[in-house]
Amino acid sequence: PQIQRTFMQKIGSGFVNFTQNIQDATTPANDADVQEVVVKQSALPALLSLAADYPVNFFVKLTGTLVIAIFLMASGDLFYEKLVRVLPTLTDKKNALYIVHDVEREVSTYLLTITAINAGLGFAVAVSFQLLGMPTPYLWALLAFVLNFIPYIGPIAGTALSGLVSIVVFDSLGYALLAPLAYAVCIGIETQFVLPQVLSRRLQLNSVAILLALAFGAWVWGIVGIVVAVPVLVTFRVFCSHLESLTAVGEFLSESSNGSIERTEQTVAGGKT
């Protein structure tokens with residue numbers, strides 16, 4: 001709230017001066033019959049108030065998600081037993097259990113890898129902001145850790161928020177730009193170098209598929225849907241890789257591979273099958 005008030009005071013004073021200049025320029029000094037131009041108050045306070053109320057809905061949904069997760073974990077192997085019981089043949093039972101365990105293993109690996117990478121990113125952001133003099137760098141580390149679970153949107157939101165707060169904290173605009181620049185550099189190193197090297201090719205996804213999953217998750221569950229959209233997409237991607245009828249769908253969801261395209265071109269040119 002204190003940062004919001006300070007930001008609104010700075011923006012508000014500049015906006016008042018701007019509107020006063022417009023009124024002075026559009027109101028003739030010797031003609032009282034001319035209609036005065038009045039600029040209405042900015043809608044920015046209303047938007048900030050709406051943004052302040054949204055975390056309440058977010059935590060309500062998050063609580064519901066955690067309760068469901070606790071009940072699912074408490075159920076143990078109940079769903080495995082039901083799955084084995086309803087399938088007709090022994091082959092179907094074995095294949096189903098193999099798919100379920102494989103999905104569980106690979107998605108767990110994905111989540112563990114992303115969590116470790118995000119923790120490292122949060123540490124880098126905290127160190128950078130500590131050196132720059134940003135307030136509460138440990139909270140920025142937590143924010144970077146959480147936001148980076150949301151591809152594309154999370155890093156942009158973190159950079160924008162760090163820029164907003166740095167403008168409030170620092171008097172010099174040039175120095176204030178160092179915080180969002182440092183945040184963007186950390187994100188760039190993570191996405192361009194660390195993530196491709198650590199995450200396996202099997203679990204990397206198509207960028208368009210990720211954006212569509214984020215849009216669908218936001219439409220269905222809001223912020224919670226955005227957070228869980230990519231893990232759900234990874235689950236579906238791994239599931240498709242085990243079913244022959246869904247192999248084409250899984251291929252569209254996976255990341256492009258220039259090497260495979262070159263090998264295909266060489267095979268066609270050589271007349272091989």
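I started with the nonpolar patch, and helix α8 (residues 178-198) gives the most to it, with seven residues. A reminder to myself: this is a predicted model. I listed the members of the patch: Y175, L178, L181, V185, I189, F193, V194 and V198. Together they have about 700 Å² of accessible area on the surface. I also looked up where L181 sits, and L181 lies in helix α8.

**Entry: α6 against α8**

Next I checked how α8 packs with helix α6 (residues 153-169). I get an angle of about 160°, with the two axes 8 Å apart. Angles over 145 degrees count as roughly antiparallel, so α6 is roughly antiparallel to α8. The crossing of α6 past α8 is right-handed. For the contact itself, I noted P155, G158, T159, S162, G163 and S166 on the α6 side. On the α8 side I have A179, P180, Y183, A184 and I187.

**Entry: α5 against α6**

I then moved to the pairing of α6 with helix α5 (residues 137-147). Here the angle is about 155° and the axes are 8 Å apart. α5 and α6 are therefore roughly antiparallel to each other. I looked up the hand as well, and α5 and α6 cross in a right-handed way. From α5, the residues I wrote down are W140, L143 and L147. They meet G154, P155, A157, G158, L161, S162 and V165 in α6. I see P155, G158 and S162 in this α5 contact, and I had P155, G158 and S162 in the α8 contact too.

**Entry: α9 against α10**

Which angle do the axes of α9 and α10 make where they cross? I found roughly 140° for helix α9 (residues 207-221) and helix α10 (residues 223-242), with the axes coming within 7 Å. α9 and α10 are therefore oblique to each other. Their crossing is right-handed. In α9 the contact is made by A209, I210, A213, L214, G217, A218 and W221. In α10 it is made by I223, V224, G225, I226, V228, A229, V230 and L233.

**Entry: salt bridges**

How many salt bridges does a search of the whole structure find? I got one. D102 pairs with R105, and I have 2.2 Å between the closest N and O atoms. Both D102 and R105 lie in helix α4 (residues 90-132). D102 and R105 are three residues apart, about one turn of the helix. As background, I jotted down that side chains of opposite charge can pair when their charged atoms come close.

Methods. Residues numbered from 1 in each chain as written. Predicted model: local features only at pLDDT ≥ 70, side-chain atom pairs only at ≥ 80, totals over all residues. Heavy atoms only, no water. Patch = residues over 30% accessible without salt bridge, like charges linked within 9 Å, V, L, I, M, F, W, Y side chains within 5 Å. Areas by Shrake-Rupley, 256 points an atom, 1.4 Å probe, with all protein chains shown as cover. Salt bridge = Lys/Arg side-chain N within 4 Å of Asp/Glu carboxyl O. Helix = DSSP H or I, 4+ residues; strand = E, 2+ residues; numbered from the N terminus. Axes fitted to C-alpha atoms, helices over the stretch in contact; angles between N-to-C directions. Parallel < 35°, antiparallel > 145°, perpendicular 65-115°, else oblique. Left-handed = near helix turned anticlockwise from the far one by under 90°. Contact = heavy atoms within 4.5 Å.
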